[in-house]
Each structure stands twice: as C-alpha cells, then as structure tokens.
Amino acid sequence: MTDREMHELAAKAAGIDLEYEEATGRYLYRKSPYDLAHNGRSLKVYWNPRDYDDDAFRLAVKLGLCVQVLNQYGETQVFRKTGYTLEKHGTDPDAATRRAIFRAAVEIGRDMK
C-alpha cells in the first residue's frame, strides 16, 4: 500500500476530505466548511498524522483511540473496541505513538468500505 493510499484511508476514518498536492507531495484539508476563501483560494491546512504530533493526537481523539507507551524503547500500542496495533520505532516513543495511531486509522478506514 502506498503512502498516499494510507493517508487517504486514515482521512476517511476521520471523516476528512483529503486532497493531495502533487507539487509538494503534501496532504491538505479544509478544517471547517465555514473557512473563507482568501484571494480566491480556499484556506486549507496540511495534514500528516504519521509525522506530526498534533495531527496524530487529533486523529486519536476523533477515533476514540487509547494509546499506551509500553517502554522506553518506543514500543506503543493503540487500543480500540475492535483490537490494537503494536508499533516499534527505535527509541522514539513519539514516532512510535504517531505511527501506531496512523496505522490504526488506516485499518479503520479500510474496514469502512
């Protein structure tokens, strides 16, 4: 599965209408349907819960995920009613937590057919 497909599935799980910006390789969405246009362009924000703490945190809250950091080696698990995702990411518990949240959201999006 490509990075883009994974981001689209995670966004689907969160109810986010995600757009991919080819020129930069970034993902964008409009935070609110009431956002106004500025100089003819709509106001959108970048979104990447795999790499940014704030996006991952909001995604976990939106999906009702419970995160548990298991140890100082960066092992993290994310619980949801249907199961959990265990992620290891070296010695960086922040990266492991973001990645576990992201992977759980991808699985939720995949199950939403």
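**Note on the salt bridges**

1. Glu22 is exposed, its relative accessible area being 58%. The terms are set as follows: buried is under 20% relative accessible area, exposed is over 50%, and partly exposed lies in between, with a 1.4 Å probe and protein chains only.

2. This is a predicted model, in which local features need pLDDT of at least 70, side-chain atom pairs count only at pLDDT 80 or more, and totals for chains, interfaces and linings use all residues. Residues are numbered from 1 along each chain as its sequence is written, and side-chain values use heavy atoms, with hydrogens and water left out.

3. How many salt bridges does a search of the whole structure find? The search finds eight, a salt bridge being a side-chain nitrogen of Lys or Arg within 4 Å of a carboxyl oxygen of Asp or Glu.

4. Glu22 forms a salt bridge with Arg4, with 3.3 Å between the closest N and O atoms. The pair links distant parts of the chain, 18 residues apart: Arg4 is in helix α1 (residues 3-14), and Glu22 is in the loop between β1 (19-21) and β2 (26-29). Helices (H or I, at least four residues) and strands (E, at least two) are DSSP runs, numbered from the N terminus. Arg4 is partly exposed, at 35% relative accessibility.

5. In helix α3 (residues 93-111), Glu107 and Arg110 are separated by about one helical turn because they are three residues apart. Their side chains meet in a salt bridge (3.3 Å, N to O). Glu107 is partly exposed at 36%, and Arg110 is partly exposed at 35%.

6. Within it, the side chains of Arg50 and Asp51 meet at 2.9 Å, N to O.
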